[in-house]
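Open the model in your viewer and keep the selection panel handy. Here is a short tour, stop by stop.

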Amino acid sequence: MAYHTLTWLAWLGAAAYLALVNQQPLQSILLILATGTVFAAVSRANQPEANPGARNASSHAGQAWKVQGWSAFLRFGLSVWLVALFFNLLFAHAGNIVLLVLPRNWPFIGGPITLEALLYGLANGASLFAVLLVFATFNLGLDAHRLLRWLPAGLYQAGLIVSIALSFIPQLIASLREIREAQLLRGHKFRAIRDWIPLFVPLLTTALERSLTLAESMEARGFGGIDRFAVADSSVSPMPTTTERSTTNLQRGTTLAGLLALLVGLLWRATDSVQWLGLLSVALGILLLFAALYTQGRRLKRTHYHHELWQQRDTLVSLACLASLAITAYTQVRDPAALFYYPYPPYSPWPGFSPALGLAILLTATPAWLWPSLHVSYYETDRG
Amino acid sequence: MKWGQWVNSAILILATLTGIAAFAYPFFTPTTGGSPFAIAHAQDAPSVTLILTLLCVVIIVANLTSRQMSARTIAVLGVLSAVNAILRTIPGPGGFSAIFFLLVLCGYVYGSTLGFLVGVLSLLVSALIGGGVGPWLPYQMFTAGWMGLTSGWLPDLRRWRIAELLMLAAWTALWGFIFGAIMNLWFWPYISTAQVSPGQAWETGLPFREAIKRYAVFYLATSLWWDAWRAAGNAVLILSLGTPLLKVLRRFERVLGFAMDTSI
């Protein structure tokens with residue numbers, strides 16, 4: 001993979017933030033183009049023929065279906081956009097600039113068809129499609145296991161559960177197929193919903209039996225030390241030490257305080273006119289919650305078998321993404337009108353364009369500009 | 001561990017309330033429309049909502065998994081989430097997906113804590129394999145978690161087979177509708193008056209009862225039939241598959257002998 005996980009996260013932060021706050025159509029279209037370039041680079045890198053000499057060719061072949069799935073998803077998003085545009089054009093009769101007038105006696109769609117309705121449909125769909133495209137690119141560019149490795153240490157058990165589930169899924173699909181074949185060979189026919197019992201019950205049984213095997217092998221490798229929670233008699237199981245207990249209390253106290261501050265801040269901000277006090281309380285709450293997560297993770301010592309490489313292009317892309325994030329945040333605070341778009345009166349129907357935001361959007365395309373493997377793969381195909 | 005249980009419940013309830021407050025944040029936009037500040041306020045709503053809801057889910061999960069879990073609990077959680085994620089990806093007729101029935105059964109048999117974790121994690125896993133990671137994911141995780149959690153509150157009716165099945169089926173159908181209503185609420189304030197007829201759209205400064213009425217109309221007009229189809233499908237699945245699946249789950253409760261340490 002081309003970039004470090006943290007680089008991808010920085011990119012997601014910058015691009016998703018822009019996609020979620022921006023409503024101006026010209027900026028949305030530029031964002032779609034910028035993200036689309038990255039999407040194209042990622043999906044080319046995921047094609048198996050793009051890297052014939054790659055060491056992990058098998059894992060790349062496994063990515064090919066993912067590219068197809070995402071392309072289909074984006075095509076679906078595009079069709080939703082078109083349908084929504086069409087509906088908005090026909091049913092919304094607001095606005096001053098009339099393009100044509102349909103006969104009044106037609107039900108629902110009769111009346112003036114306005115330019116504003118057209119523009120609004122286009123703009124709304126463009127910003128929605130930009131969100132879809134950003135998340136599609138992120139899903140494709142980064143596989144789940146690499147993301148899980150960067151979970152905060154306090155969440156390692158949840159991360160472990162998710163990675164167990166992810167690696168179980170291919171096995172489960174295989175056993176689903178096996179059970180189905182076995183039942184078909186016995187002459188079983190899958191017609192009504194009751195016929196699925198001989199499929200579901202063995203599937204669940206196999207899965208739970210496998211979890212028993214997995215747990216035994218984890219215990220055999222020393223996972224979790226003595227399994228004190230499986231022992232019913234608490235006098236046999238070792239009690240938690242006092243330091244462990246005090247850390248737990250500290251962490252729970254911090255969590256409660258943080259949640260309280262967050263809740264009070266949100267309600268405050270919603271109801272009162274003194275906005276910054278509520279904002280302060282929200283910020284304090286977030287800070288406390290992160291502190292609680294940190295305390296929980298501090299007890300654990302983490303070792304990594306495989307280290308990811310941080311390269312020069314990671315530095316460049318991350319800096320570009322952080323700059324983009326800063327520009328967007330600054331614009332949102334100082335000039336929120338640059339992000340807002342509503343074509344119906346009393347606002348102007350003509351979309352605006354802010355050069356600073358344009359720069360912020362272009363900066364999110366840097367992963368594609370600095371993409372490493374493209375040149376290599378061209379070279380290799382030329383040779384072959 | 002009575003005290004710890006109280007603290008866990010307090011954290012869960014507070015985090016849920018905060019999640020709801022964050023969820024309802026777009027509805028609190030100031031009524032003084034037109035000023036640039038109102039625009040800014042309306043605009044940071046999607047990202048604020050998203051980040052805070054995600055944080056709340058993360059905090060609950062972190063708290064529930066803060067003690068060292070046994071290998072068996074971890075393995076069972078992983079496997080059940082995987083099965084549930086697969087069930088979600090099996091396409092059914094008419095946008096139907098079978099995500100609810102196994103989740104309800106797990107919560108009912110194994111208790112609230114495990115139900116919550118299976119709900120949250122199976123939605124996460126199915127998003128990771130099916131590529132459904134997006135701004136809607138934190139809400140789905142929250143709602144599915146609560147579905148598993150509340151299923152643990154149901155009375156244990158294992159002596160009356162028929163009553164047990166009927167109760168679980170009705171419960172699943174009910175949650176099918178609740179899930180749909182909450183998921184629609186996510187994007188409802190962003191739909192403008194231009195897209196749906198005026199009696200169904202959200203406007204700033206609407207009185208609470210009027211807002212509820214409009215949302216009910218919107219729900220009836222758009223998503224009721226989808227949700228009804230999904231709820232009925234999952235209820236039928238419970239009725240036809242419930243008895244054997246409950247038997248399997250109960251057998252493995254004994255075989256694996258796992259127990260959740262943190263309880264809510």
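**Stop 1: where the chains meet**

This is a predicted model. Select the contact between the chains: chain A contributes 73 residues and chain B contributes 66 residues. Now keep the chain A side. Helices that each supply at least two residues there are α1, α3 (57-91), α4 (115-141), α6 (156-185), α7 (197-220), α8 (242-271) and α9 (275-298). Colour α7(A) next; its 14 residues are the largest share of that side. Then colour by class: the chain A side holds 54 nonpolar, 13 polar and six charged residues.

**Stop 2: the nonpolar cores**

The largest nonpolar core has 101 residues. Pick A165(A), A82(B), V83(B), V104(B), V120(B) and L121(B), which touch the most other members. Helix α4 (residues 71-89) of chain B gives the most to this core, 12 residues. Centre on L121(B). Leaving out residues up to four places away in sequence, L121(B) touches A158(A), I161(A), V162(A) and A165(A) in chain A, plus L77(B) and S81(B) in chain B. A second, separate core counts 56 residues, including L31(A), A126(A), A130(A) and L142(A).

**Stop 3: a helix pair in chain A**

Show α1 (residues 5-21) and α10 (residues 312-334) of chain A. Their axes come within 9 Å and cross at roughly 25°. That angle is under 35 degrees, so α1(A) is roughly parallel to α10(A). The crossing is left-handed. Show side chains: W11(A), Y17(A) and L18(A) are among the α1(A) residues in this contact, and C321(A), L322(A) and L325(A) are among those from α10(A). The contact residues divide into 10 nonpolar, six polar and one charged.

Methods
Residues numbered from 1 in each chain as written. Chains lettered and ligands numbered in written order. Predicted model: local features only at pLDDT ≥ 70, side-chain atom pairs only at ≥ 80, totals over all residues. Axes fitted to C-alpha atoms, helices over the stretch in contact; angles between N-to-C directions. Helix = DSSP H or I, 4+ residues; strand = E, 2+ residues; numbered from the N terminus. Parallel < 35°, antiparallel > 145°, perpendicular 65-115°, else oblique. Left-handed = near helix turned anticlockwise from the far one by under 90°. Contact = placed C-beta atoms within 7 Å. Nonpolar A, V, L, I, M, F, W, Y, C, P; charged D, E, K, R; others polar. Core = buried A, V, L, I, M, F, W, Y, C linked by C-beta atoms within 7 Å. Buried ≥ 20, exposed ≤ 12 C-beta atoms within 10 Å, placed from the backbone.
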